[in-house]
Amino acid sequence: MNFETAFDQVLSKEAGFSDDPRDSGGQTKYGITEAVARAFGYAGQMNLLGLDQAKAIYRSRYWDALQLDQVASTAPAVAGELFDTAVNQGTDQAATFLQRALNVLNKEGSSYPDVKADGRIGPMTIAALREYMRRRGAEGQLVLLRALNALQGAFYVELAERRAKDEAFVYGWLLNRVEIAAAVGGKA
């Protein structure tokens, strides 16, 4: 997994322009919300946001912010999953999901020290991920993907329970975002 592959996969879910009044993100193009586009200096109409600008935003705001080159060197499928989650739920949420999952999979701290679930992937989180993968291998990546998807799915359900307007999106989120982690060799 690298940025180009992850970008193509996310873009297949996020193509086009949307202006659904029920969507808390407001106007989006290629999955980039207006607020995010403005934060990156885009001043034009959202329906005119270019693909190259969207790609630069994705790279900086999501891939690089989460240190996903480092994650991909250890657990490629996890990097893709975190990127997708970050695009839809934010980088803090994606990082926190990884940290929480690593903490409950570390055998009460005997495999590696717990990491602070602070929503920032830094050296401690990367070290924990590397040690987890060294000990658990391909099967461990599958289990970690399942944990990440379980957290992501629970987040969508809880969000819709808090904000009824989001019920309009839950089916699609669960269909398109919460993947069955069989792509890395496990059973679905």
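Author: We begin with helices and strands, which are DSSP runs (helices H or I, at least four residues; strands E, at least two) numbered from the N terminus. Asp 84 has its place in helix H5. The model is predicted, so to speak with care: local features need pLDDT of at least 70, side-chain atom pairs count only at pLDDT 80 or more, and totals for chains, interfaces and linings use all residues. Residues are numbered from 1 along each chain as its sequence is written, and side-chain values use heavy atoms, with hydrogens and water left out.

Reader: How many helices and strands does the protein chain have, and what pattern do they follow?

Author: The protein chain has eight helices and three strands. Along the sequence they follow the pattern α-β-β-β-α-α-α-α-α-α-α.

Reader: Is Asp 84 buried or exposed?

Author: Burial is judged by relative accessible area: buried means under 20%, exposed over 50%, and partly exposed in between, with a 1.4 Å probe and protein chains only. Asp 84 counts as buried, at 5% relative accessibility. In the protein chain, buried residues make up 44% of the 188 residues.

Reader: Which residues is Asp 84 in contact with?

Author: Contact means heavy atoms within 4.5 Å. With neighbours within four places in sequence left aside, Asp 84 is in contact with Val 10, Lys 13, Gln 152 and Arg 177.

Reader: How are aromatic pairs read?

Author: Rings of Phe, Tyr and Trp (its six-membered ring) pair if their centres lie within 6.5 Å; planes under 30 degrees apart count as stacked, over 60 as edge-to-face and the rest as tilted. The structure holds nine such aromatic pairs. In one of them, the ring centres of Phe 3 and Trp 63 are 6.0 Å apart and the planes stand at 70 degrees, so the pair is edge-to-face. This pair links distant parts of the chain, 60 residues apart: Phe 3 lies in helix H1 (residues 3-14) and Trp 63 in helix H3 (residues 51-64). Phe 3 is buried, with a relative accessible area of 3%, and Trp 63 is buried at 0%. Trp 63 also pairs with Phe 83: their centres are 5.6 Å apart and their planes at 75 degrees, so this pair too is edge-to-face. Ring pairs link Phe 3, Phe 7, Tyr 58, Tyr 62, Trp 63 and Phe 83 into a cluster.

Reader: Which residues touch the most other members of the largest nonpolar core?

Author: A nonpolar core is a set of buried Ala, Val, Leu, Ile, Met, Phe, Trp, Tyr and Cys residues joined through side-chain atoms within 4.5 Å. The largest one has 53 residues, of which Ile 32, Tyr 58, Val 78, Leu 82, Phe 83 and Leu 144 touch the most other members. Helix H7 gives the most to this core, with 13 residues.

Reader: Where is Arg 135, and what does its side chain meet?

Author: Arg 135 has its place in helix H7 and is partly exposed, with a relative accessible area of 45%.
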